[in-house]
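I opened the notebook to record what I looked up in this protein. The entries follow the order in which I checked things.

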Amino acid sequence: NPNPNPHPNPHQVISYSFALIAHLCACTYGGVQRLQRGDEAPRGAFAYLQALWWAVTVLTAHGSTLTPSSELELAFASLVYALSLVTTIVLIGQLTVLISNLDAIAVTFRKRRDAADAFVRKQGIPGGLARRLHLYQRVSWTHGAGSSLEVVVQQLSPSIRSDIMKHICTSQFARLPLFEGCGPAFIEAPL
(Lines give C-alpha, C1' and ligand atoms only; values in the text may rest on other atoms or scores of the structure.)
Protein backbone atom coordinates (compact mmCIF):
# COMPACT_ATOMS: atom_id res chain seq x y z
CA ASN A 1 0.00 0.00 0.00
CA PRO A 2 1.89 3.11 -1.21
CA ASN A 3 2.03 6.21 0.96
CA PRO A 4 -0.61 8.67 -0.35
CA ASN A 5 1.41 11.63 0.92
CA PRO A 6 4.48 12.15 -1.31
CA HIS A 7 5.99 14.60 1.20
CA PRO A 8 7.78 12.97 4.13
CA ASN A 9 7.12 14.05 7.67
CA PRO A 10 9.61 16.85 8.49
CA HIS A 11 10.22 15.42 11.97
CA GLN A 12 11.22 12.07 10.47
CA VAL A 13 13.50 13.75 7.94
CA ILE A 14 15.25 15.72 10.68
CA SER A 15 15.55 12.65 12.94
CA TYR A 16 16.88 10.38 10.20
CA SER A 17 19.27 13.09 8.97
CA PHE A 18 20.63 13.63 12.48
CA ALA A 19 21.06 9.89 13.01
CA LEU A 20 22.88 9.54 9.69
CA ILE A 21 25.14 12.52 10.38
CA ALA A 22 25.94 11.25 13.91
CA HIS A 23 26.73 7.77 12.52
CA LEU A 24 29.00 9.20 9.81
CA CYS A 25 30.78 11.45 12.31
CA ALA A 26 31.24 8.53 14.74
CA CYS A 27 32.64 6.26 12.03
CA THR A 28 34.96 8.98 10.77
CA TYR A 29 36.09 9.82 14.31
CA GLY A 30 36.85 6.12 14.91
CA GLY A 31 38.79 6.02 11.63
CA VAL A 32 40.77 9.12 12.56
CA GLN A 33 41.60 7.59 15.95
CA ARG A 34 42.81 4.35 14.31
CA LEU A 35 44.80 6.32 11.77
CA GLN A 36 46.51 8.39 14.48
CA ARG A 37 46.90 5.82 17.26
CA GLY A 38 47.29 2.61 15.27
CA ASP A 39 46.98 -0.48 17.45
CA GLU A 40 46.39 1.63 20.58
CA ALA A 41 43.06 2.92 19.26
CA PRO A 42 39.99 1.33 20.85
CA ARG A 43 38.19 -1.24 18.69
CA GLY A 44 34.86 -3.03 18.56
CA ALA A 45 31.38 -2.09 19.75
CA PHE A 46 32.65 -0.06 22.70
CA ALA A 47 34.82 2.07 20.41
CA TYR A 48 31.87 2.71 18.07
CA LEU A 49 29.54 3.56 20.96
CA GLN A 50 32.15 5.89 22.45
CA ALA A 51 32.61 7.60 19.07
CA LEU A 52 28.82 7.79 18.57
CA TRP A 53 28.42 9.29 22.03
CA TRP A 54 31.10 11.84 21.17
CA ALA A 55 29.39 12.70 17.86
CA VAL A 56 25.97 13.14 19.47
CA THR A 57 27.28 15.33 22.28
CA VAL A 58 29.25 17.46 19.85
CA LEU A 59 26.40 17.73 17.32
CA THR A 60 23.89 18.72 19.98
CA ALA A 61 26.29 21.34 21.35
CA HIS A 62 26.41 19.71 24.78
CA GLY A 63 30.16 19.40 24.57
CA SER A 64 32.22 16.30 25.05
CA THR A 65 34.60 14.93 27.65
CA LEU A 66 36.62 13.19 24.94
CA THR A 67 39.42 15.49 23.95
CA PRO A 68 41.29 15.17 20.68
CA SER A 69 44.83 13.91 21.20
CA SER A 70 46.32 14.77 17.81
CA GLU A 71 46.16 17.53 15.22
CA LEU A 72 44.07 15.41 12.87
CA GLU A 73 41.58 14.58 15.63
CA LEU A 74 41.46 18.26 16.60
CA ALA A 75 40.84 19.31 12.98
CA PHE A 76 38.08 16.72 12.64
CA ALA A 77 36.51 17.76 15.97
CA SER A 78 36.53 21.39 14.82
CA LEU A 79 34.85 20.39 11.57
CA VAL A 80 32.16 18.50 13.49
CA TYR A 81 31.61 21.47 15.81
CA ALA A 82 31.11 23.65 12.71
CA LEU A 83 28.70 21.06 11.33
CA SER A 84 26.92 21.18 14.69
CA LEU A 85 26.52 24.93 14.36
CA VAL A 86 25.10 24.61 10.83
CA THR A 87 22.76 21.82 11.96
CA THR A 88 21.48 23.94 14.85
CA ILE A 89 20.90 26.92 12.55
CA VAL A 90 19.00 24.77 10.03
CA LEU A 91 16.93 23.19 12.78
CA ILE A 92 15.99 26.58 14.25
CA GLY A 93 15.12 27.83 10.75
CA GLN A 94 12.91 24.80 10.08
CA LEU A 95 11.12 25.22 13.40
CA THR A 96 10.56 28.92 12.66
CA VAL A 97 9.04 28.08 9.27
CA LEU A 98 6.86 25.40 10.86
CA ILE A 99 5.56 27.78 13.52
CA SER A 100 4.84 30.54 10.99
CA ASN A 101 3.02 28.07 8.73
CA LEU A 102 0.89 26.89 11.64
CA ASP A 103 -0.04 30.50 12.39
CA ALA A 104 -0.96 31.13 8.73
CA ILE A 105 -3.07 27.97 8.68
CA ALA A 106 -4.89 29.07 11.85
CA VAL A 107 -5.61 32.51 10.34
CA THR A 108 -6.99 30.91 7.17
CA PHE A 109 -9.22 28.59 9.22
CA ARG A 110 -10.50 31.53 11.30
CA LYS A 111 -11.33 33.46 8.12
CA ARG A 112 -13.29 30.49 6.76
CA ARG A 113 -15.05 30.02 10.08
CA ASP A 114 -15.94 33.73 10.18
CA ALA A 115 -17.26 33.53 6.60
CA ALA A 116 -19.44 30.57 7.60
CA ASP A 117 -20.67 32.49 10.68
CA ALA A 118 -21.56 35.46 8.48
CA PHE A 119 -23.36 33.14 6.08
CA VAL A 120 -25.32 31.57 8.95
CA ARG A 121 -26.28 35.00 10.36
CA LYS A 122 -27.18 36.50 6.98
CA GLN A 123 -29.35 33.54 6.00
CA GLY A 124 -30.81 33.13 9.50
CA ILE A 125 -29.97 29.43 9.58
CA PRO A 126 -31.29 27.81 12.79
CA GLY A 127 -28.92 26.58 15.51
CA GLY A 128 -29.04 22.84 14.81
CA LEU A 129 -28.44 23.28 11.10
CA ALA A 130 -25.72 25.88 11.79
CA ARG A 131 -23.96 23.39 14.10
CA ARG A 132 -24.12 20.74 11.37
CA LEU A 133 -22.66 23.23 8.88
CA HIS A 134 -19.83 24.17 11.29
CA LEU A 135 -19.10 20.53 12.09
CA TYR A 136 -18.98 19.66 8.41
CA GLN A 137 -16.73 22.64 7.73
CA ARG A 138 -14.37 21.64 10.57
CA VAL A 139 -14.18 18.05 9.35
CA SER A 140 -13.70 19.09 5.73
CA TRP A 141 -10.96 21.52 6.83
CA THR A 142 -9.03 18.71 8.47
CA HIS A 143 -9.36 16.74 5.23
CA GLY A 144 -8.25 19.72 3.11
CA ALA A 145 -11.55 20.64 1.41
CA GLY A 146 -12.51 23.88 -0.36
CA SER A 147 -11.06 27.32 -0.10
CA SER A 148 -14.25 29.37 -0.33
CA LEU A 149 -17.74 29.17 1.14
CA GLU A 150 -19.24 28.34 -2.26
CA VAL A 151 -16.91 25.39 -2.57
CA VAL A 152 -17.76 24.27 0.97
CA VAL A 153 -21.51 24.53 0.29
CA GLN A 154 -21.08 22.56 -2.93
CA GLN A 155 -19.16 19.88 -1.06
CA LEU A 156 -21.75 19.52 1.69
CA SER A 157 -23.52 16.25 1.98
CA PRO A 158 -26.82 16.29 0.05
CA SER A 159 -28.94 16.26 3.22
CA ILE A 160 -27.20 19.28 4.79
CA ARG A 161 -27.17 21.14 1.47
CA SER A 162 -30.87 20.49 0.91
CA ASP A 163 -31.72 21.53 4.49
CA ILE A 164 -29.79 24.77 4.06
CA MET A 165 -31.36 25.47 0.69
CA LYS A 166 -34.81 24.65 2.09
CA HIS A 167 -34.26 27.07 4.97
CA ILE A 168 -33.05 29.84 2.64
CA CYS A 169 -35.96 29.33 0.23
CA THR A 170 -38.49 29.16 3.08
CA SER A 171 -37.22 32.42 4.55
CA GLN A 172 -37.31 34.05 1.10
CA PHE A 173 -40.89 32.87 0.45
CA ALA A 174 -41.98 34.06 3.89
CA ARG A 175 -40.79 37.59 3.04
CA LEU A 176 -42.99 37.79 -0.07
CA PRO A 177 -46.22 39.74 0.47
CA LEU A 178 -48.24 36.92 -1.14
CA PHE A 179 -47.21 34.48 1.62
CA GLU A 180 -47.24 36.91 4.60
CA GLY A 181 -50.18 35.38 6.44
CA CYS A 182 -49.35 31.74 5.63
CA GLY A 183 -48.06 29.30 8.20
CA PRO A 184 -44.68 27.57 7.95
CA ALA A 185 -46.24 24.25 6.88
CA PHE A 186 -47.91 25.93 3.88
CA ILE A 187 -44.65 27.59 2.79
CA GLU A 188 -42.58 24.43 3.24
CA ALA A 189 -45.06 22.18 1.42
CA PRO A 190 -43.88 22.96 -2.15
CA LEU A 191 -40.27 22.60 -1.16
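How many helices and strands does the protein have? I noted that the model is predicted. I found seven helices and zero strands. Along the sequence I wrote the pattern down as α-α-α-α-α-α-α.

Next I looked up totals. The protein has 191 residues, and 25% of them are buried. I put its accessible surface at about 12800 Å², with 65% belonging to carbon and sulfur atoms. Among contacts with a separation of 6 or more, 54% join residues 24 or more positions apart.

Then I turned to the interior. I noted as background that nonpolar side chains tend to be buried together in soluble globular proteins. The largest nonpolar core here has 13 residues, and Cys-25, Tyr-29, Trp-54, Ala-55, Leu-59, Phe-76 and Val-80 have the most contacts inside it. Helices α1 (10-37), α2 (44-59) and α3 each give two or more residues to this core. Apart from it I found another core, of 10 residues, including Val-120, Leu-129, Ile-164 and Ile-168.

I picked out Val-80. Which residues is it in contact with, leaving aside neighbours within four places in sequence? I listed Cys-25, Trp-54, Val-58 and Leu-59.

Last, I checked the surface. Ile-14, Leu-91, Leu-95 and Leu-98 form a nonpolar patch there, with about 280 Å² of accessible area together. Helix α3 (residues 71-123) gives the most to the patch, with three residues. I looked up Leu-91, which is in helix α3. Leu-91 counts as partly exposed because its relative accessibility is 36%, and partly exposed covers the range between buried, under 20%, and exposed, over 50%.

Methods:
Residues are numbered from 1 along each chain as its sequence is written. This is a predicted model: local features need pLDDT of at least 70, side-chain atom pairs count only at pLDDT 80 or more; totals for chains, interfaces and linings use all residues. Side-chain values use heavy atoms; hydrogens and water are left out. Helices (H or I, at least four residues) and strands (E, at least two) are DSSP runs, numbered from the N terminus. Buried means under 20% relative accessible area, exposed over 50%, partly exposed in between (1.4 Å probe, protein chains only). Contact means heavy atoms within 4.5 Å. Accessible areas come from the Shrake-Rupley method with a 1.4 Å probe; for residues, only the protein chains shown count as cover. Patches are made of residues with over 30% relative accessible area and no salt bridge: like charges are joined within 9 Å, nonpolar side chains (Val, Leu, Ile, Met, Phe, Trp, Tyr) within 5 Å. A salt bridge is a side-chain nitrogen of Lys or Arg within 4 Å of a carboxyl oxygen of Asp or Glu. A nonpolar core is a set of buried Ala, Val, Leu, Ile, Met, Phe, Trp, Tyr and Cys residues joined through side-chain atoms within 4.5 Å.
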